[in-house]
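I begin with the pairs and end with the pockets.

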Amino acid sequence: VLAGCVMPELYGRVNHATVEVLGAIGFEVHVPREHVCCGALHAHNGELDGALELARTTIASFERYGDAPVVVNSAGCGAHMKGYGHLLRDDAQWKERAQRFARRVVDFSEFVAARAPVDWQPKLDAAFGTLTYDDPCHLCHGQQVRAEPRALLDLVAKAQRVDMHEPEACCGSAGLYSLLRPADSQAVFAAKLSAFDASGADVLVTANPGCHLQWQTGFARAGRDARVVHIAEVLAEASRARP
């Protein structure tokens, strides 16, 4: 599992939930303790040298685990890491290693949807609230992962999920966009907030820390009493339920 640089600092609970769910479906989890960053934000900001160096250190950190899947709970990081083969295409020493590594990278929802036991039936308390899922751009557009998160949420007993208008439209986080152009970012988010309000949900489910933070701050700014949770948190809470 990729711990990442943002998740441990802002959403450590999401990493804990990720490990909990993977354990619940029967997998042993390893996290390279010395690894810090995959370089996604450097690439988003055009700092190519930093992105290349961090890609190399990421590959080296995970090579010790052979061909084991590298599960990523951050859509931005996952999309970037799946592209390491392209990023390092001109580096003769690292090109093939990067391609091998990229084939191992899998989003959390992809992995759980494909590997969960057929009899796995997590269950939420009805008090959890009505859920709506918003697609992170780096997941739906960058990785073409759309069905798996919804399938997992629909698998959860007593989970009430409703659709939101234009869930694949950007929330305004967009890598570093919310930091570099905050006014524009908030303007983009305004349409998403209206879509959430119209959905009737009271819990927003996402799969990326940048989107998570954007929704959290957007709700706070607008005075909305709504929760933002990562899909791993939903599944972790549901998997604790006993028949």
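**Entry 1: A buried pair**

I looked up Arg150 and found it buried, with a relative accessible area of 17%; buried means under 20% relative accessible area, exposed over 50%, and partly exposed in between (1.4 Å probe, protein chains only). I noted that this is a predicted model, in which local features need pLDDT of at least 70 and side-chain atom pairs count only at pLDDT 80 or more, while totals for chains, interfaces and linings use all residues. Residues are numbered from 1 along each chain as its sequence is written, and side-chain values use heavy atoms, with hydrogens and water left out.

The partner of Arg150 is Asp135, and the two side chains meet in a salt bridge at 2.4 Å, N to O. A salt bridge is a side-chain nitrogen of Lys or Arg within 4 Å of a carboxyl oxygen of Asp or Glu. The pair links distant parts of the chain, 15 residues apart: Arg150 lies in helix α10 (residues 147-155) and Asp135 in the loop between β3 (130-133) and α9 (137-140). Helices (H or I, at least four residues) and strands (E, at least two) are DSSP runs, numbered from the N terminus. Asp135 is buried as well, with a relative accessible area of 2%.

**Entry 2: Further salt bridges**

I recorded 14 salt bridges in the structure. In one of them, Arg240 pairs with Glu20, and the closest N and O atoms are 2.7 Å apart. Arg240 is in the segment after α14 (231-239) and Glu20 in helix α2 (residues 12-24), 220 residues apart. Arg240 counts as partly exposed at 47% relative accessibility, and Glu20 counts as partly exposed at 29%.

**Entry 3: Pockets**

I then turned to the largest pocket, with a volume of about 670 Å³. On a 1 Å grid over the protein atoms alone, a pocket is an open set of points where a 1.4 Å probe fits, with protein on both sides within 12 Å along at least five of seven lines; lining residues have an atom within 4 Å of a point. Grid points are joined across faces, edges and corners, and a volume is the space filled by probe spheres set on the points.

Of its 42 lining residues, the closest to the centre are Ser173, Gly175, Ser178, Pro209 and Gly210. Which element gives the most to this lining? I found that α13 does, with 7 residues.

The second largest pocket has a volume of about 230 Å³.
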